Amino acid sequence: MRPVVPGIVALLVVTAVAFTACGKSRQEQQSETIQKSADELQKGAEGAASGLADPVSVKELIALLPAPAGWQRERPTGERLTAPVHFADAMVRLMKGDATVTAKITDSALNQVLVEALAILMASHHERGSSREYEKAVTVGDAPGFEKWDSKTKSGNLTVMVNKRFIVEIDGSGIDDPKVLHEILDKIDLRKLADLK
């Protein structure tokens with residue numbers, strides 16, 4: 001997972017430009033609002049940074065990536081960053097016939113900026129669906145998660161949060177059934193992941 005701050009900054013800039021045609025008093029008011037939002041964002045980031053943990057090593061995360069029988073496995077990759085955002089991640093791509101699955105494990109290092117939106121989505125018990133596709137909150141063992149599936153494109157995503165810190169994402173395309181996502185996830189030792197520090 002990559003830092004989200006540049007996207008937020010871009011949104012603030014676009015908002016500022018959108019109001020350039022307004023009268024001066026309204027423009028000044030919008031500028032103050034934008035500045036206040038930027039200040040709150042900075043304070044939130046500084047507050048989150050105070051409770052951060054050191055990200056685990058990429059080697060530890062790679063060791064937990066799945067290697068299911070019958071799938072061609074590419075060489076895993078990963079990175080670890082301690083500034084300006086704390087996180088570490090590792091990922092691997094798996095292939096079988098027309099199917100491709102990417103498994104990724106991210107250590108948020110207890111950075112609430114990285115996990116808060118996902119945690120809210122999972123806790124909301126959100127569910128939406130049609131005859132072709134769905135998205136819903138799920139639980140895998142003790143881990144809360146979120147699952148999406150589209151039968152027309154034969155693609156889906158299964159994301160779980162482990163120990164309020166680690167995010168495991170399984171993305172699949174060209175797969176016949178969302179059960180494939182769960183089968184790949186089952187190859188990751190979530191208990192061992194939860195114990196990493």
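When I say two residues touch, or are in contact, I mean they have heavy atoms within 4.5 Å of each other.

Okay, ground rules. This is a predicted model, where local features need pLDDT of at least 70 and side-chain atom pairs count only at pLDDT 80 or more, while totals for chains, interfaces and linings use all residues. Residues are numbered from 1 along each chain as its sequence is written, and side-chain values use heavy atoms, with hydrogens and water left out.

So, the overall picture. The protein chain has 6 helices and 9 strands; those are DSSP runs numbered from the N terminus, with helices being H or I and at least four residues, and strands being E and at least two. Out of 197 residues, 37% count as buried. Buried here is under 20% relative accessible area, exposed is over 50%, and partly exposed is in between, using a 1.4 Å probe and protein chains only. If you take contacts with a separation of 6 or more, 52% of them are between residues 24 or more positions apart.

Now, Val-101. It lies in strand S4, residues 99-107, and at 0% relative accessibility Val-101 is buried. What does Val-101 touch, not counting residues up to four places away in sequence? The list is Trp-71, Val-92, Arg-93, Leu-94, Ile-170, Asp-171, Gly-172, Ile-175, Val-180 and Ile-184. And from Val-101 to Gly-156 you go 55 residues in sequence, but 9.4 Å in space, C-alpha to C-alpha.

On to charges. Side chains of opposite charge can pair when their charged atoms come close. I call it a salt bridge when a side-chain nitrogen of Lys or Arg is within 4 Å of a carboxyl oxygen of Asp or Glu. How many salt bridges does a search of the whole structure find? It finds 7, and I'll walk you through a few.

Glu-135 pairs with Arg-128 at 3.2 Å, N to O. Glu-135 is buried at 15% relative accessibility, whereas Arg-128 is partly exposed at 41%.

Then there's Arg-132 with Glu-133, at 3.8 Å, N to O. Arg-132 is partly exposed, with a relative accessible area of 34%, and Glu-133 is partly exposed too, at 25%.

Next, Lys-154 and Asp-176 form a salt bridge at 3.1 Å, N to O. That pair links distant parts of the chain, 22 residues apart: Lys-154 is in the loop between strand S7 (143-150) and strand S8 (155-162), and Asp-176 is in the loop between strand S9 (166-173) and helix H5 (179-185). Lys-154 is partly exposed at 37%, while Asp-176 is exposed at 65%. Going back to Arg-132 and Glu-133, salt bridges with shared partners join them and Asp-150 into one network.

Rings, quickly. The charged end of Lys-136 sits over the ring of Tyr-134, 5.1 Å from the ring centre. For that to count, NZ of Lys or CZ of Arg has to be within 6 Å of the ring centre and within 35 degrees of the ring normal.

The peptide bond from Ala-83 to Pro-84 is cis, with omega near 0°, and Pro-84 is in the loop between strand S2 (77-81) and strand S3 (87-96). Ala-109 has a positive phi, near 55°, in a residue other than glycine. Where is Ala-109 found? In the loop between S4 and helix H4 (112-123), and Ala-109 is buried at 0% relative accessibility. Asn-163 also isn't a glycine, yet its phi is positive, about 60°. Asn-163 lies in the loop between S8 and S9 and is partly exposed at 49%.

Asn-163 brings me to my last stop, as one of the residues lining the second largest pocket. A pocket is an open set of points on a 1 Å grid over the protein atoms alone, where a 1.4 Å probe fits, with protein on both sides within 12 Å along at least five of seven lines; lining residues have an atom within 4 Å of a point. Helix H6, residues 190-195, gives the most to that lining, with 3 residues. The space in this pocket is about 190 Å³, counted as what probe spheres set on the points fill, with points joined across faces, edges and corners.
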